[in-house]
Structure formats: structure tokens, C-alpha cells
Amino acid sequence: MFEYFPGNYVWNLSVVGALNSGGQIDEIDRACRPLLEAAKAGSDAGTDEFLRVWTDLTDALVELARVEEKAGHDRTAGGMYARAANYLCTAERMLSAGHPDRVPTYRRVLELAQKGFDLRDHSITRVAIPFEDTTLPAYFSAAPATSEGPAPVIMLINGLDSTKEHMYISGFWAELADRGISCLMLDQPGSGEALRLQGLIARRESETWASWVVDWLTARNDVDTARMGVVGWSLGGYYSPRVAAFEKRFALCVAWGANHNWGAVQRRRLDREGEHPVPHYWDHVKWVWGYDDLDEFIEFADSIHLDGVVDKITVPFLIVHGENDRQIPLEYAHRSYEQAVNAPSRDLRIFTRQEGGAEHIGIDHLPHVGAYIADWVTDTFAAMVPQPTG
């Protein structure tokens, strides 16, 4: 993985994620160069400075976008706004849970993403999915194929620290759209806007909120309800197999990072084994799951695993993992694969250092991994369509 800040895995993860989600290396270099000394103090220290320089980069880019928008260059301006959203949500992700700038910064990320939709990515709309006594915020990317009738759809699930805006800037929805597949980019409880603005904490039983989403999808006339799939990255690699195991209306499942035993990973991190994904890590996980006491949280986290779950998956199942994933042990990919005994087909794809995509969720070569998953989804959906007989 490209390591701009030697020895600071968390900050490097952010830089690489931004680069592989449409960021420009010159812009990111200009933002990061003043941070080289601060990065030596570790991942938690210096996050205020990280926010400041990346916000400066965002501000400069927004000013350029406004000039292009005023000139009527909507596509150019929309691309700039989308890139600004990339940079600002990269910085927002680094803040501690209670940081006073966290919510205001995130609200601005929402505005920048919407400008990207309005000016360039017109196929994406903001939606609110009924859930209990509230709603779940999401973006829906309608594939061009929906102009000819219902199209297959993927529900894309977040991880511990990502947002639907990270999904947008990743471009995975566009890979699917080009293959005739729509994409719902969801902020489920415990992530993104659902957590930040609505206070919805994570739920171990991901099928509870997923069933509401399926109800919403099946009510749309542009969705092929026989071909709905679920894909989850990072912690979504725990959520998505659980969803597929208990919500039988999904026709396929992808674990984008095999988070088979997330609870065990937390105990490893207490013992300083493996890398943290974000600064201020323990504050972050307690915020996501709604705990104040770390010991109580760790005891609860022991129950977040897929033993006794994966064997209930009865649809095609893909597991992708990086051989150098420094957050989630590679052995968990093999464990999920070995336990998926009732899936009609199961595939395990390990991305190597030599080809790229070897880090957590393949963030070091995200387009490569995303394209592979999109092809697998396309091929799997295509096999579900009855072929005409001679």
C-alpha cells in the first residue's frame, strides 16, 4: 500500500482511500505535505490539523467548482464537487466521536455530494427508507437499464466507519450501472447519517433493518425483485452474510472483507494485535454501538460473529479478502467459505500483494476489487435468467 506517512497506518489508509476514490494526487500531496511532521505523533494526535488542511483543500476546490458552475460547465463543476466531498469526508472520518466539528463537517459533506448528483451524476437520488418509527437515509443509483423495465439491484452496506458518501465516491455504483444493475447505498444503523444525525446505533441482527429495506425495494417498479443482492464491505462483511442467512428475499451475497468474527478482532485490538481503521478507535466503536463502558462493550462484542450463521446462506456467496489485510485476519475468509455449506455456489477470491487489492477491502487497489465484484454479481444475476430453449 502507498504509505505517504511512514509508520502511520490509519492516516495512510485515509490517503489511499481518497486516491482510489477519484482523488487527484497533486491535490492530495499539497494537502498532506504540511502534515508529515504531525503524522509522526501517531494516528490520534494531529487530527484537528488533518481536518484543517483537508478543509482548506475542499474550500479551494469548491471555489473552482463555483466558477465552472456559473459558466454553465455542469459536468466539470459536478466532478469538482464530488471530489470535494471525497476530501471532506476523508477528514470527517478521522475526527473523534464527540468532536464539535464532526456534525457540521458531515452536513457539508452531504451538501457537496448533492451538488455532484445535481450537476453530474443525475441517476443518483437521495431516498429515505421507512424503518420502525423513523427512516434510513440512502442514495439510489438507477441503472440506465431501468428505462427498459425493472433491473437487478444491489444493496451496499457500510462498515464501521464509512458512510454512503464513501460508497458514492468509490464509484462502485457506476461499475454496476454500466452492467445494467442499480445500487442502493445505505447508511444502516450505526453508520453515516443514520448515526451522526439520527442517533441510530448499530444492531447485531442486521436482518432487522434489512427486511425494511427489502420491503421498500420490492415496492419499486424499477427493481427486478427476483434479482436483489446484498454486498457489505468491512464490518459489512459481517452484516451482509447475516442478512443473506435470515432475509431470504436476497438472491446473492458478497462479503467484501470476511468479517467472520468481529468480536474476536476487538479482543485482538485490546492486545494491540492488528491495526485500527480510525483514530480514537475505542471512542468510535462505543459511539457506533451505543456503549459508555469499554468492558461492557467488549463482552457484548463477543457475540458479533458468523459461526452458526453462514451455514444458513442458501444463495450464491462470494467472499473477497486481501492477503495483507492488517485489520481482519485472512483466516476468517477461509472460515466463512468452509462454513457456507448450503450455498448453491460459493467463491473465495484472495487478492495478492503482487496484483494489488491485498489490504483491507482492497483499498490499495479499490477499482480492481470493485470491478471483480461487479463482474461476479453480473454473471451470477445473468445465470438466474431462464435461457430460451431451441
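**Close-up views of a predicted model**

View 1. At 3% relative accessibility, Val 16 counts as buried, because buried means under 20% relative accessible area. As in every view below, the structure shown is a predicted model. Val 16 belongs to helix α1, which covers residues 9-19. Leaving out residues up to four places away in sequence, Val 16 touches Met 1, Phe 2, Ile 363 and Asp 364. One of these, Phe 2, is 14 residues from Val 16 along the chain, and the C-alpha atoms of the two are separated by 6.7 Å.

**View 2. Trp 54 and the largest nonpolar core.** The largest nonpolar core contains 72 residues. Trp 54 is among the residues with the most contacts inside this core, together with Tyr 168, Met 185, Trp 256, Ile 373 and Val 377. Helix α4, residues 74-92, gives the most to the core, with ten residues. Not counting residues up to four places away in sequence, Trp 54 touches Val 15, Ala 18, Ile 28, Ala 31, Cys 32, Leu 35, Tyr 87, Thr 90 and Ala 91.

**View 3. Helices α4 and α5.** The two helices pack with their axes 8 Å apart and at an angle of about 155 degrees. The angle makes α4 roughly antiparallel to α5, because angles over 145 degrees count as roughly antiparallel. Their crossing is left-handed. On the α4 side, the contact is made by Asp 74, Arg 75, Ala 77, Gly 78, Tyr 81, Ala 84, Ala 85, Leu 88, Cys 89 and Glu 92. On the α5 side, it includes Arg 102, Thr 105, Tyr 106, Arg 108, Val 109 and Leu 112. By type, the residues of the contact of α4 with α5 are eleven nonpolar, three polar and six charged.

**View 4. Helices α3 and α5.** Helix α3 (residues 47-70) packs with helix α5 (residues 102-119) at an angle of about 30 degrees, and the axes are 13 Å apart. The two helices are therefore roughly parallel to each other, because angles under 35 degrees count as roughly parallel. The crossing of α3 and α5 is left-handed. From α3, the residues in contact are Leu 51, Thr 55, Thr 58, Asp 59, Val 62 and Glu 69. They meet Thr 105, Arg 108, Leu 112, Lys 115 and Leu 119 in α5. The contact of α3 with α5 divides into four nonpolar, three polar and four charged residues.

**View 5. Asp 121 in a loop.** Asp 121 is found in the loop between α5 and β1, where β1 is 124-131. Is this residue buried or exposed? Asp 121 is buried, because its relative accessible area is 10%. Apart from neighbours within four places in sequence, Asp 121 is in contact with Gly 116, Tyr 168 and Trp 173.

View 6. Helix α10, residues 236-246, is mostly covered, with ten of its eleven residues buried. The buried residues are Gly 236, Gly 237, Tyr 238, Tyr 239, Ser 240, Pro 241, Arg 242, Val 243, Ala 244 and Ala 245. What covers them? The covering elements include the strands β3 (151-157), β5 (223-233), β6 (252-256) and β7 (317-322). Helices α9 (207-218) and α12 (281-289) are also among them.

Technical notes: Residues are numbered from 1 along each chain as its sequence is written. This is a predicted model: local features need pLDDT of at least 70, side-chain atom pairs count only at pLDDT 80 or more; totals for chains, interfaces and linings use all residues. Side-chain values use heavy atoms; hydrogens and water are left out. Axes are lines fitted to C-alpha atoms, for helices over the stretch in contact, and angles run from 0 to 180 degrees between N-to-C directions. Helices (H or I, at least four residues) and strands (E, at least two) are DSSP runs, numbered from the N terminus. Angles under 35 degrees count as roughly parallel, over 145 as roughly antiparallel, 65 to 115 as roughly perpendicular and the rest as oblique. A crossing is left-handed if the near helix is turned anticlockwise from the far one by less than a right angle, and right-handed if clockwise. Contact means heavy atoms within 4.5 Å. Ala, Val, Leu, Ile, Met, Phe, Trp, Tyr, Cys and Pro count as nonpolar, Asp, Glu, Lys and Arg as charged, and the others, Gly among them, as polar. Buried means under 20% relative accessible area, exposed over 50%, partly exposed in between (1.4 Å probe, protein chains only). A nonpolar core is a set of buried Ala, Val, Leu, Ile, Met, Phe, Trp, Tyr and Cys residues joined through side-chain atoms within 4.5 Å.
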